[in-house]
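Have the viewer open as you read.

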Amino acid sequence: MGWLAEVPDPEIPVVSVVDLGIVRDVAFDDDTLVVTITPTYSGCPATSVIAFEIEAAIRDHGVDNVRLENQISPPWSTDWIGPEAREKLRQYGIAPPIDGTAADGRRVARLLGEGNARVECPRCGSANTAEVSRFGSTPCKAAWRCNDCLEPFDYFKCI
Amino acid sequence: MSALCEFALRMGDNTLILGHRVSEWCGHAPVLEEDIALANTALDLIGQTQMWLGLAGEVEGNGRTADHLAYKRDAWDFRNVLLVERPNGDFGQTLMRQFLFDAWHHPMLKWLSENSAEKRVAEIAEKAVREAAYHLERSADLVIRLGDGTDESHRRMQDALAYHWTYTGEMFEADAVDGELADAGVAPDPAAMKPGWDALVGDVLAEATLAVPENDFAHKGGRRGQHAEHLGHILASMQFLPRAYPDARW
C-alpha cells in the first residue's frame, strides 16, 4: 500500500490513487500480488491508465507477478477521500467534496441558498461562489466560479 | 438465452446506444460547458454499458466480452428501447430525450440496487444509480430552464416533447422475460415504474410550462430487436473500426 501511495492520479497528480480510495486492497495470492481497485465513475477514462501505473509501480519494486482485480461493490464514494488529500486538492485549486451533498435524483439546491452547504473558493476562501456547469474537466468535477476573486475553479463533486 | 442475460442486454444496450448518441455532440454543443457535460454523461453511460454487457457475456457463458457484444452484433440482436436511438436533432430534442430516459433510468436502478435478488445486478445498479441521479437532476433542470425560457426555447422544447412522446411507452411494456424476472425478484414489473414516472415527468413539465401530450400511442419493438432505421446508421459508425480491423488495439 505504501508503494501505491506514491502513484499519482493521472488527472489530479497532487493526490495518489490510495488517497482517492481507488486502491481497495493489496494481498498475496501464492506468489502473485493481487491489487483490488475500484473505478471512480464507471466511465472514467483514467481507469486504464491508473491500472497501468499501479502495475508499473509494483514491478519497479521487484514484484513481477501482479494481478489487478476490479471491484465495483461497495461503489466508490468521495467519503473515502481523507482530510489530508482534501487539503492537497484545495491547495491545488480544486474545491474538495462537501460530504452529504450527493445527488439523489431530487431537484433541490444542495449547494446554494440559505442553510445549504456552500462551496468555498480554493483560492481566496470566499463562499460567494456559483456553479457554472454541472460537469467540469473530468467526470468527477463540476465547473464553479468565485464571485469575489472572479477566478473559475473546479469543484470535486460529492458522490 | 436466459432471462437474466436478456435483461443485462436490455440495460446495457440502452446505455450503449444512448451513450453513443450523446457522444455525437462532442465538439458540436451550443456552449463549451454543455459540450463537456454531454461528453461526461456519455462516458458514464458507456462505463455502465461495460458492466451490463460484461454481465450479459458472463451469464451467456460463451466467452463473449462486453466489446464483442457491443461491436459484433447486428441491429436485430440489440435490445434497447427505440427512444434512445432517436436522432439528436437540436439541443432541446437531445435534452428532452435524456430527461424522459433519466426519469425512467434512475428509479429503475434505485429499485434494482435496493431490491434485486440477483447480487450482480444489484451491485451494478448500486454503482450506476449515483451517476443516473446526477444525470436526472441536470436534465430536469435544463428542461425547466429551456421550457420556461424564451419563446423560441419554449417552442423547441414543446416540439421535442411531441417528437419523443410516443417512444416513451415502450419503457413500461412487459413481455414473458419481464414476467420471469419479476417472479424471481430480479427486476421490477416494468408497468410498476409507470406511476412514478408519470408523476415525476408531470411535475417537471408543469414547472417547465410545457403541456403533456395527450397521445398515448406507443411505438414498440426495440426490446425484441425490431428497430427503426436509425440503429443501423449508429452501428455503421460505431462498429466500423472493430469490424474493418478485427482485434485492433490502442
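How far apart do the C-alpha centres of domain 1 of chain A and domain 2 of chain A lie? The answer is 26 Å. Keep in mind that this is a predicted model. As for where the domains sit in the chain, domain 1 of chain A covers 4-76, and domain 2 of chain A covers 81-156. The two do touch: eleven residues of domain 1 of chain A are in contact with ten residues of domain 2 of chain A. On the domain 1 side of that contact, you'll find six nonpolar, three polar and two charged residues.

Chain A also meets chain B. Here 20 residues of chain A are in contact with 25 residues of chain B. Chain A brings twelve nonpolar residues to this contact, along with five polar and three charged ones.

Now hop over to chain B and look at a pair of helices. Two packed helices are described by the angle between their axes and the distance between the axes. For helix 1 (residues 3-23) of chain B and helix 2 (residues 32-60) of chain B, the angle is about 155 degrees and the axes are 7 Å apart. Angles over 145 degrees count as roughly antiparallel, so helix 1 of chain B is roughly antiparallel to helix 2 of chain B. Their crossing is left-handed. Sorted by class, the residues in the contact of these two helices come out as 18 nonpolar, seven polar and one charged.

Back in chain A, there's a sheet to trace. Strands of a sheet pair through backbone hydrogen bonds, either parallel or antiparallel. This sheet of chain A is open, with four strands in the order 4-7-6-5 and mixed pairing. At its edges are strand 4 (94-95) and strand 5 (129-133) of chain A, each pairing on one side only. Strand 4 of chain A pairs with strand 7 (residues 152-156) of chain A in the parallel sense, over two bridges. If you want to find that pairing on screen, look for A95(A), whose bridge partner in strand 7 of chain A is Y155(A).

Most residues other than glycine have a negative phi, and most peptide bonds are trans. L150(A), which is not a glycine, has a positive phi of about 70 degrees. You'll spot L150(A) in the loop between strand 6 (141-146) and strand 7 of chain A. The other case is the cis peptide bond joining S73(A) and P74(A), where omega is about -5 degrees. P74(A) is in the loop between strand 3 (66-70) and helix 2 (83-92) of chain A.

How values were computed:
Residues numbered from 1 in each chain as written. Chains lettered and ligands numbered in written order. Predicted model: local features only at pLDDT ≥ 70, side-chain atom pairs only at ≥ 80, totals over all residues. Axes fitted to C-alpha atoms, helices over the stretch in contact; angles between N-to-C directions. Parallel < 35°, antiparallel > 145°, perpendicular 65-115°, else oblique. Left-handed = near helix turned anticlockwise from the far one by under 90°. Nonpolar A, V, L, I, M, F, W, Y, C, P; charged D, E, K, R; others polar. Domains from an automatic or database assignment. Contact = placed C-beta atoms within 7 Å. Pairing = 2+ DSSP bridges.
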